Amino acid sequence: MSGLLVVDRVTKRFGGITALDGVSFRLQAGETVGLIGPNGAGKSTLIGVVSGFIPPTVGRVHFGGVDITGWPPHRVANLGLRRTFQAANVFHGLNLEENVLIGAAGLSWSAQLRGEARRILESLRLEPKAYPAALTAGQLRLLAVARALVARPRLVMLDEPAAGLSGAELELLGKLLERFRLDGTTVLLIEHNVSLVFAHCNRVLVLDLGRLIVDGPPAQVAMDRRVVEAYLGTG
C-alpha cells in the first residue's frame, strides 16, 4: 500500500473489548477524507493510534513512507502529522495568537508564522489579541483547528471540530477547510455532521463496531445500505 498515510490491518483491544478490528486504508497527499460512524465505532481510537497516543495491539501505521507504529506523539507531530481533540485545550494566560502558535511546537515564532496565525484567526473572525475567556464553546473549537493548521502540517486530523458550532461558525470552518485543501494540506475530518463531511470531502470512510465497512466517494457512501443501517438511519 502506498500513500501519505497507510493504516495496515490495525487492531486495538482493551481487555476483552475490540475497539478496532483489522482496519486498513490509505490517504493520498492532498486528499480531504471524512471519517464517520456511530458512537463507539472506534473513530477516536483510530486517530489515537495514528497520532501515537494509543499503541495498536496488532497492525502497522506508516506516514510519509516511515513506519511510525508505537512512536510517541511528539515524534509523530514532528513529521508533520497534527490533530485536534474533542476537548478544547487552551492556555488562559495567553492571547489567541499565542495559543495558536503553541501548535507550531519546534518552530521559531517568526514574523511569518505570527502572520499566518493572525490570518487564520481573522478568517475565523477571532481577534488575535483577545483571550480565551471571551470565547464561546464554538469559538474554542475553531481556535483548536487554527492551532492544528498554523504550522502547515502534511496531514491534520480534526476530531469533531463542528460540535457545538453555530451556523455562521460552521460556514467559517467550511471555508477554512477549503482554503487548506486548495493549499494541498491533507485532512482527515472525523465528524458526526455528515453534511459538512459530504460537502468538503472527496472520500468518506465509515467505521462500525471497529471495522471499516465502506470507503468511497460521498455520493456512493450516502446510498450504501450498510451505512444507512449502521449510521444514517432509514427515517
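Axes here are lines fitted to C-alpha atoms, for helices over the stretch in contact, and angles between N-to-C directions run from 0 to 180 degrees. Helices (H or I, at least four residues) and strands (E, at least two) are DSSP runs, numbered from the N terminus. This is a predicted model, in which local features need pLDDT of at least 70 and side-chain atom pairs count only at pLDDT 80 or more, while totals for chains, interfaces and linings use all residues. Residues are numbered from 1 along each chain as its sequence is written, and side-chain values use heavy atoms, with hydrogens and water left out.

Confidence comes first. pLDDT is the predictor's confidence in each residue, from 0 to 100. The chain has a mean pLDDT of 91, with 97% of its residues at 70 or more. Where pLDDT is low, the predicted coordinates should not be read in detail.

Next comes the sheet. Two strands pair if DSSP finds at least two bridges between them. An open sheet of 6 strands has the order 6-7-8-3-9-10, with mixed pairing. Strand 6 and strand 10 (211-216) are the edge strands, each pairing on one side only. On average, neighbouring strands of this sheet are turned by 15° against each other, direction ignored.

Strand 6 (residues 81-83) runs parallel to strand 7 and is joined to it by 3 bridges; R82 has V156 as its bridge partner in strand 7. With strand 8 (residues 186-190), strand 7 pairs in the parallel sense over 5 bridges, and L155 has T186 as its bridge partner there. Strand 8 is also joined to strand 3 (residues 32-36), by 4 bridges and in parallel, and V33 is partnered by L188 of strand 8.

Buried means under 20% relative accessible area, exposed means over 50%, and partly exposed lies in between (1.4 Å probe, protein chains only).

The helices can be taken in turn. Contact means heavy atoms within 4.5 Å. The axes of helix 5 (residues 137-149) and helix 6 (residues 167-182) come within 11 Å and cross at roughly 10°. The two helices are therefore roughly parallel to each other, a term for angles under 35 degrees. From helix 5, G138, Q139, L142, V145 and L149 meet E169, L173, L176 and F180 of helix 6. The residues of this contact divide into 6 nonpolar, 2 polar and 1 charged; Ala, Val, Leu, Ile, Met, Phe, Trp, Tyr, Cys and Pro count as nonpolar, Asp, Glu, Lys and Arg as charged, and the others, Gly among them, as polar.

Helix 1 (residues 43-50) is largely enclosed by the rest of the structure, because 7 of its 8 residues are buried. These are K43, T45, L46, I47, G48, V49 and V50. G52, which follows helix 1, has a positive phi near 95°.

E122 lies in helix 4 (residues 111-123) and counts as partly exposed at 48% relative accessibility.

Methods: Parallel < 35°, antiparallel > 145°, perpendicular 65-115°, else oblique.
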